[in-house]
Amino acid sequence: MSDGGKDEENITSSKWAVSISSGPHIILLSLCCFPAVFIGASMYNLYLGVLTWYNIFLYFYDEKTFLHRVMICPLLIFTFPPSIFLVTVAISLYASFRQICWEFWMWYHYVRDLEGGLYARFCSQIHLQECSPYETVVIQTDDLDSIETAKENTSLQPSPQHTATRPI
């Protein structure tokens, strides 16, 4: 029983160990980076928020009935500025506070992931996965064959009409 308590003590003490990659200096670094992370997260989240809103708007405008176009699209247009502003500020504050950590690699991970896939989860919750702002590119084998054929047909030699001749 005393061994189990010792293991727990070793785990918790190693969690708060001070080294080059963990310690209060990493917390100080993350606090110093707080404004920059907030500004960067705000710009990134504004971009993804606008893309998500635009995809949702296009879904209701193009793929739904006339009634959806008349009822929901104006509502989306009127709620665009406040909803994008509130969501951007909320997610940016979350990202800024989340990046405050003890370990460097955790901090680095949180700084690189400024929104944590929240827009994809939102689109999944409203059952509109195609409105997610992330792009997925699917290349089919037919596309690859046509690309390879195009590469084989083009040469790197200049055409005769573009070659310049110099007098000797």
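This is a short talk about one predicted protein model, going from the whole chain down to two residues.

Okay, some ground rules. The model is predicted, so local features need pLDDT of at least 70 and side-chain atom pairs count only at pLDDT 80 or more, while totals for chains, interfaces and linings use all residues. Residues are numbered from 1 along each chain as its sequence is written, and side-chain values use heavy atoms, with hydrogens and water left out.

Let's start with the whole chain. You'll find 7 helices and 0 strands in the protein chain, giving the pattern α-α-α-α-α-α-α along the sequence. Helices here are DSSP runs of H or I with at least four residues, strands are runs of E with at least two, and numbering goes from the N terminus.

How much of the chain is buried? The figure is 24% of the 168 residues. Buried means under 20% relative accessible area, exposed means over 50%, and partly exposed is in between, using a 1.4 Å probe and protein chains only. The chain exposes about 12800 Å², and carbon and sulfur atoms supply 66% of that; the area comes from the Shrake-Rupley method with a 1.4 Å probe.

Now, a helix pair. Two packed helices are described by the angle and the distance between their axes. Helix H3 (residues 34–63) and helix H4 (residues 66–98) have axes that come within 8 Å and cross at roughly 160°. Those axes are lines fitted to C-alpha atoms over the stretch in contact, with angles from 0 to 180 degrees between N-to-C directions. That makes H3 roughly antiparallel to H4, a label for angles over 145 degrees.

Let's zoom in on H3, where Phe-60 lies. Is Phe-60 buried or exposed? Phe-60 is buried, with a relative accessible area of 16%. Leaving aside neighbours within four places in sequence, Phe-60 is in contact (heavy atoms within 4.5 Å) with His-68, Arg-69, Ile-72, Cys-73, Leu-76 and Leu-128. Take Ile-72: Phe-60 and Ile-72 are 12 residues apart in sequence, and their C-alpha atoms are 7.3 Å apart in space.

Last stop, His-127. Where does His-127 sit? Look in the loop between helix H6 (118–125) and helix H7 (141–153). Most residues other than glycine have a negative phi. His-127 has a positive one, near 60°. His-127 is also exposed, with a relative accessible area of 63%.

That's my tour, thanks!

Terms used:
Angles under 35 degrees count as roughly parallel, over 145 as roughly antiparallel, 65 to 115 as roughly perpendicular and the rest as oblique.
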